[in-house]
Amino acid sequence: MTITREYLDQNNRKLLMDRSVPGRMGTTLPKLDVPAAPLPDKSMLRDSLEFPEVTENEIVRYFTQLSQLNFSIDTQFYPLGSCTMKYNPKLHEEMSFQPGFANIHPNQSAESVQGALKLMYDLQGLLCEITGMKGASLTPMAGADGELAGMLMTRAYHQSRGDLKRTKVLIPDSAHGTNPASAAMAGFEVVTLKSDANGNTDLEALKSLVGPDLAGLMITLPSTLGLFDTNILEVVRIVKENGGVIYGDGANLNALLGRVKLGELGFDVIHSNLHKTFSTPHGGGGPGAGPVMVGERLAPFLPAPIVAKKKGDDGKDAYDYFYPPQTIGKMGAFQGNFGMFIRAYTFIRLLGNTGIDKIGKDAVINANYVQSQLKGYYHLPYDRTCMHEVVFSAKNLKKAHDVDALDVAKRLIDYNIHPPTMYFPLIVEQALMIEPTESESVETLDTFIEVMKTIAQEAKDNPELLHDAPHNTPNTRLDEARAARKPDLRWKKA
Amino acid sequence: MDRFSSPYSPNTDADRKKMLDAIGVKSVDDLFKVIPAQYRNPKLNIPEPTAEMDLKRELEAMANANAVPGKFACFLGGGAYRHHIPSVVKAIISRGEFLTSYTPYQPEISQGTLQTAYEFQTLVCQLTGMEVANTGMYDGATALAEAALMAARLTRRDKIAVLETVSPKYLKVIQTYSQALKVNYYVVPAGQEKLDDDTACLLVQQPNFYGYMEDMAKLSERAHSQGALFVVSADPTSLGMLKSPGEYDADIVVSEGQAVGVPLSFGGPYTGFFACKEKHLRQMPGRIVGKTVDSKGRTGYVLTLQTREQHIRREKATSNICTSVALIALMSTIYMSAMGKQGMKKVAELCYHKAHYAASQIEKVPGYSLPIKGTFFREFVVKCPLPPAEINKKLLEQGIIGGLDISKQVPNGMLIAVTETNTKEEIDALAAALKKIASGVAAAKR
């Protein structure tokens with residue numbers, strides 16, 4: 001065998017089952033301290049379980065080495081539009097792992113978990129105050145689950161009034177893919193709503209689509225173009241006059257913290273992605289948490305349970321579960337992703353009114369700064385003040401040098417920066433959606449700006465460099481077509 | 001500007017001025033002029049900032065206001081279980097590279113997340129005896145609801161049969177997920193599983209909500225003979241010793257993954273395992289990771305079959321799921337690796353023997369009985385001499401978190417769960433406490 005760097009790299013990535021040696025074990029277990037019972041009938045028992053046999057050290061080394069193949073907030077800058085990848089405070093983790101939170105059972109009686117219920121009650125209140133809404137349920141388990149809850153509430157609201165013709169939900173062409181998927185799961189027909197040349201809702205298009213079959217509108221504000229829709233009051237008026245419900249996708253809530261409350265604009269229901277705005281860690285794709293906040297007319301339909309406060313027998317505050325009278329039901333087996341509630345609550349309380357007030361401001365300054373510095377280097381399809389994110393387009397590079405958004409994104413990796421969101425929103429050709437967030441310094445932004453300018457220059461001078469990027473990662477570009485054509489989804493005995 | 005400085009945002013007033021000058025505006029308010037004036041800069045009625053030290057003290061007080069299993073002996077189950085979690089699990093998931101990374105849409109810089117997800121899919125397949133698995137659903141209940149919808153898509157039938165011994169909590173989630181769709185569910189009484197011709201699937205839980213084993217071979221045959229799929233919600237701990245659903249020809253298998261490596265955490269975040277036969281792959285919801293090669297021929301991993309997903313297919317997607325539970329799935333992956341072949345079996349057996357010991361001790365206490373005959377795993381039903389809610393109140397005073405009150409399903413029924421974390425002393429103390437409570441009632445009656 002020839003030992004090469006290549007060999008070592010591939011060897012380090014050997015799967016657990018290929019590392020397994022019969023007789024090894026990664027943990028210890030207690031002795032049986034009670035008399036053994038007769039085992040069930042043999043027909044119920046399995047012959048064997050083919051599972052890895054590895055020691056603890058092997059596990060730690062394997063997973064630690066794998067972790068080092070990842071980019072993460074703790075190690076890299078993530079200007080990833082609409083995903084709001086901000087810093088994740090370490091205090092959050094410590095607080096959520098306290099035994100008094102981490103070890104309590106979801107089926108315990110309300111009186112035995114008063115501390116946890118108080119935290120949930122207070123978080124409901126804080127989220128309502130920050131968004132200007134009247135009621136909240138924390139139970140949806142991710143943003144898309146919150147969307148589903150919101151759409152089911154919309155449906156339940158119309159049905160409760162005997163208004164059964166409302167089958168249509170309007171969704172702007174710039175929306176996230178979860179919006180139409182959630183509306184469809186709630187039984188609605190999805191109708192796409194056009195944006196105008198300035199990136200606002202096209203009011204004429206809206207007027208032509210509203211009618212007695214309108215159930216509601218799902219809108220992201222600011223939009224996924226990073227723009228505050230200056231027609232929003234008119235949009236709300238038209239939808240409401242036609243009997244529709246306004247759903248706000250909270251994906252971009254970060255921009256508005258302290259600057260405007262969606263409830264005051266007339267929104268009926270919004271969800272908040274706690275992992276975006278309130279800084280719970282993304283975890284490589286979850287866990288999320290997608291609490292929904294509602295105005296008065298949807299409050300009776302909130303998913304259950306929510307937490308209510310009452311006076312206990314001793315005159316003190318006591319907390320208990322509450323099932324709204326016409327609830328759409330439960331979004332999961334228990335009361336939601338409590339571990340995420342602790343983190344979001346900790347974030348809000350540490351920053352308090354003055355800290356929260358500044359988040360939107362700093363996020364928007366940072367995004368506009370990037371916009372001002374990269375204008376001229378990349379095409380800017382909507383040249384106006386942006387909110388917390390700015391959408392550029394690589395179409396000029398594509399046309400002149402056959403370098404597309406994907407190439408720019410992959411080249412950024414060589415400079416140790418996570419790529420922006422690409423090819424989205426769908427209405428911008430070769431989109432590069434950049435969101436710095438408030439947790440990045442001007443020094444980091446300046447470095448990013450210089451890198452982006454350098455890449456624009458490289459596209460002219462040496463487009464092949466971009467086509468082949470990234471160059472310094474454990475893998476070069478991967479064959480996704482092959483993965484889909486011949487799915488290999490699990491270890492199999494060689 | 002105000003003096004409070006956030007430890008999470010670096011901008012100083014000088015930084016802001018520099019950036020505003022570069023943008024070409026006079027003040028930050030100029031950037032928000034797009035917001036209608038009457039709604040701009042609302043009052044924010046929330047508390048002042050709290051220093052880290054003070055906030056910690058406050059949160060510790062909140063945590064300590066709960067009765068905590070561990071400090072209290074705990075016999076509560078009903079879908080979430082207290083099991084020992086080796087320290088290695090927390091150590092690894094706390095690494096920032098896993099904890100703070102993004103969804104692996106850029107595979108070149110996400111191989112850590114992707115390869116661990118492939119390991120997860122492998123372990124879920126081995127455990128359930130199925131051919132393919134996804135990277136996880138929100139929890140066991142949503143996984144079962146999604147399985148029902150998937151079965152309806154596959155069979156083009158619109159009825160879901162649910163065996164009556166499935167958790168009532170799961171039933172509620174199926175109701176939520178199906179309420180707006182042209183899919184209806186009906187509950188089938190155990191022992192008379194009569195299915196309609198337009199039934200897409202039969203949903204069963206193993207062990208069932210009451211802790212007992214169902215006759216899976218019979219139920220599987222029943223579903224298939226009607227052209228329906230057989231969908232099983234299986235307890236992952238039990239699969240360390242019990243027959244895998246693949247062995248009785250299940251079509252879709254889901255699990256609540258909490259029991260394997262995830263803290264109770266008052267109900268979440270958990271992870272739902274989701275596995276099925278390969279021929280059903282393209283209707284599976286959720287994320288899937290596949291193995292492939294890079295441009296230099298080296299092995300690597302990517303998200304695959306994304307055309308089922310919402311960001312491509314929009315309203316025609318198999319599910320709206322986007323952010324799921326990658327980190328929690330990783331917790332289960334590390335747990336299952338640490339347990340390994342022997343550990344998984346041993347934990348299952350410890351639960352089994354201890355639960356049977358507890359049942360034998362409680363059955364001896366006058367006034368208590370085991371109303372359900374059959375084989376149970378780590379949970380069983382006790383019929384109590386008085387309402388379980390009252391018993392649990394008294395147990396809590398003695399530092400014991402009792403079983404789940406299921407008097408709605410079984411008169412004076414209490415569902416008791418015993419795991420490897422319950423010592424013989426705890427079990428004996430529970431039996432003694434139950435005896436005392438019952439004799440107190442008997443004395444009061446005299």
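Guide: Let's start at Phe266(B), which sits in the loop between strand 7 (252-256) and strand 8 (272-276) of chain B. Strands here are DSSP runs of E with at least two residues, helices are runs of H or I with at least four, and both are numbered from the N terminus. This is a predicted model: local features need pLDDT of at least 70, side-chain atom pairs count only at pLDDT 80 or more, and totals for chains, interfaces and linings use all residues. Residues are numbered from 1 along each chain as its sequence is written, chains are lettered from A and ligands numbered from 1 in the order in which they are written, and side-chain values use heavy atoms, leaving out hydrogens and water.

Visitor: Is Phe266(B) buried or exposed?

Guide: Buried means under 20% relative accessible area, exposed means over 50%, and partly exposed is in between (1.4 Å probe, protein chains only). Phe266(B) has a relative accessible area of 0%, so the label is buried.

Visitor: What is the phi of Phe266(B) near?

Guide: Phe266(B) is a residue other than glycine, yet its phi is positive. The value is near 55 degrees.

Visitor: Where is Pro222(A) found?

Guide: The peptide bond leading from Leu221(A) to Pro222(A) is cis, with omega near -10 degrees. Pro222(A) is in chain A, in the loop between strand 4 and helix 10.

Visitor: Which residues is Asn231(A) in contact with, leaving aside its neighbours within four places in sequence?

Guide: Asn231(A) lies in the loop between strand 4 (214-220) and helix 10 (232-241) of chain A. With 18% relative accessibility, Asn231(A) counts as buried. Contact means heavy atoms within 4.5 Å. Beyond those sequence neighbours, the partners are Asp196(A), Asn200(A), Thr201(A) and Leu203(A).

Visitor: What share of the residues in chain B is buried?

Guide: Chain B contains 12 helices and 14 strands, and its C-alpha trace spans about 85 × 55 × 45 Å along its principal axes. Of the 446 residues in chain B, the buried share is 64%.
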